[in-house]
Amino acid sequence: MDPIFEVDDVSVEFNVGAGAFAGGAQKLLAVDRATLRIERGECLAVVGESGCGKTTLGRTLIGLYKPSRGRLEFDGKDVSALRGEELRSFRRRVQMVFQDPHASLNPRMKVGEIVAEPLRVHRVGTAKSRKAAVADLLGRVGLPADAANRFPHAFSGGQRQRIGIARALALQPDVIVADEPVSALDVSIQAQVVNLLKGLRAQLGLTLVFIAHDLAVVRYIATRIAVMYLGQIVEIGRTEDVFGAPKHPYTQALLSAVPIPDPDAERMRRRIILKGDLPSPINPPSGCRFHTRCEHCFAPCLTVEPRLIPAGGQLASCHLYDQALEQAA
Amino acid sequence: MSDAGLDVRGLQTVLSTGGGPVPVISDISFTLRPGETLCLVGESGSGKSMTALSIVRLLPAAARVNAGEILLGDIDLARLPDSGMRSVRGRRVAMVFQDSMTSLNPLLTIGRQLTEGMELHLGLSPAVARERAVALLAQVGVPAARERVEQYPHQLSGGLRQRAAIAIALSAEPEILIADEPTTALDVTTQAQILELLAREQQRRGMGLLLITHDVGVVARMATTVGVMYAGRIVEKAPSDMLFRDPRHPYTRGLLKSVPRMDTDLTAPLTSIPGTPPAIANLPEGCSFNPRCPSRFDRCLTERPPLIERKAGHPVACHLEDA
């Protein structure tokens, strides 16, 4: 086991509500005591619905947000203690791909400049060598070399996302954090980008953190899955375990809600329709955060906060798998 | 309630541009019977929303219906004056949009937006309409309905807002409900709730439901009949089971194969359709799909294939069907 990222009991909080600028009246725990390891070369998908904290977790990994508790290690070093050349090296080695390929590319820069910008900022190579690097990067993501001389508006959504990926690859990073990289694309185009990322990971030995809400897409690319609900990781494990035999009742509901493009399969399956709405993350429920909507809720769930414990081949934070509690109940 | 449903024939809508009028949808024909769910499925720019907006006459200013009939019983909505349309829209044909944050009026309470239609279309007194509004909200699964009618749209979550929007659409007891991507802005567990609600109300009321979506999975869950749209035209139409079991058009096949699924083994790679959909103002000659089609031959480059019903109930617009 050789983790590239070690996330140990990390929380990230924001000040919200009245007086946010003056220090904040209320705290929102966007990520609540997350613990996970990201192994070198794996593709970890972080999934969950709006407001679950998956994007905050991703941005914390690349150093955009600072943990308010816990410790984040990259390659054995505490990220918050990195300074000078070590910090610059971290920034080169961890890159990001964004969701919206229209907003994440500067419309006034040519594609060649966009892709070369990370090299320029980090003073890698000469103008000439950067030009050659751009041609190589564009080829890698399946764009013609003459794309370098055009502006982003000349490209479709799928092609723009390729440009964003080429830019993320420019500094030959170890890790790419991709935040909903295919959500804005039409389905016939999504597969192109998923297959590209999958291929690049294999060719370059990249570690990929794939943040997404679309579980069906995730299944095709991830080696492991972390499921988040209201800021917490509620289940984590190998893709085949989590999808094959989901343990947390939230994961079960989430998977059963995804439509299957087959009318026969749709008629046969049991769907778990969750009760009510997502509770406010500012004032989350006591005990298990999912207990207000859980069909298996029993007494301890109201008061005792579950921790990730082994359940099947994976970990789930659910009292159903805690034998001591089961016997006491 | 009339049992005629909605019958659209040869509908064409054009958009005025600097370079003259450009058809955004052409030759759209379908029948939606009471109690039936017709799904129009396609990707961005395929014309599915334009079809919906043409029916209820809520098109952007630069667009207008240029040809065709929109028959609701024995009335042709395409030829109805605006005044007549106002008594149909919201009354006999109602609509639910994708984004309930912008489709609801932020300045009016949920209750007022519910009673407005009932007072106008059904002639109910404000007091009666108000009681019905509370009952209707409860029926679509809004908890504490009596308190919620006093609230404004921004005070509701996305899922509850979409429920309220559905209640408003149902308030005048329409024969036809048009829902344009009603769950696209919602999370998947909320989507499951809203789809269940739409299916239940449609069954209970015997409405015709025209459901517009880009999500083939939603189609599989909801549709009686499916129309697949590409570049402004219906390229294939069939009962849902038939379409999924035996897709004929290369675009439909590509679309079904490119959808990631939760229930297949992962040895088969996710396939994609090469290239991108064409711009509607600059369609290729012949079949609009030909630049992306794996099976194209010379005829496809010059001659646009008409939608022909070679097999009963399953028209397809593709030259391969003649081979």
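Val88(B) touches Leu72(B), Leu77(B), Leu80(B) and Val93(B), leaving aside residues up to four places away in sequence; contact here has C-beta atoms, placed from the backbone, within 7 Å. The model is a predicted one, in which local features need pLDDT of at least 70 and side-chain atom pairs count only at pLDDT 80 or more, while totals for chains, interfaces and linings use all residues. Residues are numbered from 1 along each chain as its sequence is written, with chains lettered from A and ligands numbered from 1 in the order in which they are written.

Val88(B) sits in helix H2 (residues 82-88) of chain B; helices (H or I, at least four residues) and strands (E, at least two) are DSSP runs, numbered from the N terminus. Val88(B) counts as buried because it has 20 C-beta neighbours inside 10 Å. The cut-offs are 20 or more other C-beta atoms within 10 Å for buried, 12 or fewer for exposed, and anything in between for partly exposed, with C-beta atoms placed from the backbone. Val88(B) and His121(B) are 33 residues apart along the chain, and their C-alpha atoms are separated by 9.1 Å.

Over in chain A, strand S8 (residues 207-212) has 6 of its 6 residues buried, so the strand is largely enclosed by the rest of the structure. In a regular strand, side chains alternate between the two faces of the sheet. Both faces of S8(A) are covered, with Thr207(A), Val209(A) and Ile211(A) buried on one side and Leu208(A), Phe210(A) and Ala212(A) buried on the other. Pairing takes at least two DSSP bridges between two strands. S8(A) pairs in the parallel sense with strand S3 (residues 43-47) of chain A over 5 bridges, and Leu44(A) stands opposite Val209(A). Strand S7 (residues 175-179) of chain A also pairs with S8(A) in the parallel sense, over 5 bridges, and here Ala178(A) stands opposite Phe210(A). From S7(A) the chain crosses through helix H6 (residues 187-204) of chain A to S8(A) in a right-handed β-α-β crossover, that is, with the strands pointing away from the viewer, the path from the first strand over the helix to the second runs clockwise.

Chain A also has an open sheet of 4 strands, in the order S2-S1-S4-S5 with antiparallel pairing. Its edge strands, each pairing on one side only, are S2 (26-39) and S5 (77-78) of chain A. Strand S1 (residues 3-16) of chain A runs antiparallel to S2(A), and 10 bridges join the two. Asn15(A) stands opposite Lys27(A) in S2(A).

As for the interface, 34 residues of chain A are in contact with 38 residues of chain B. The elements giving two or more residues to the chain A side are H6, H7 (215-219), H9 (249-257) and H10 (263-268) of chain A. H6(A) supplies the largest share of that side, 7 residues. H6 of chain A turns up again around helix H11 (residues 250-258) of chain B: what covers the buried residues of H11(B) includes H6 of chain A together with helix H9 (216-222), strand S9 (225-230) and strand S10 (233-239) of chain B. H11(B) is mostly covered, with 7 of its 9 residues buried, among them Tyr251(B), Leu255(B) and Leu256(B).

Technical notes
Contact = placed C-beta atoms within 7 Å.
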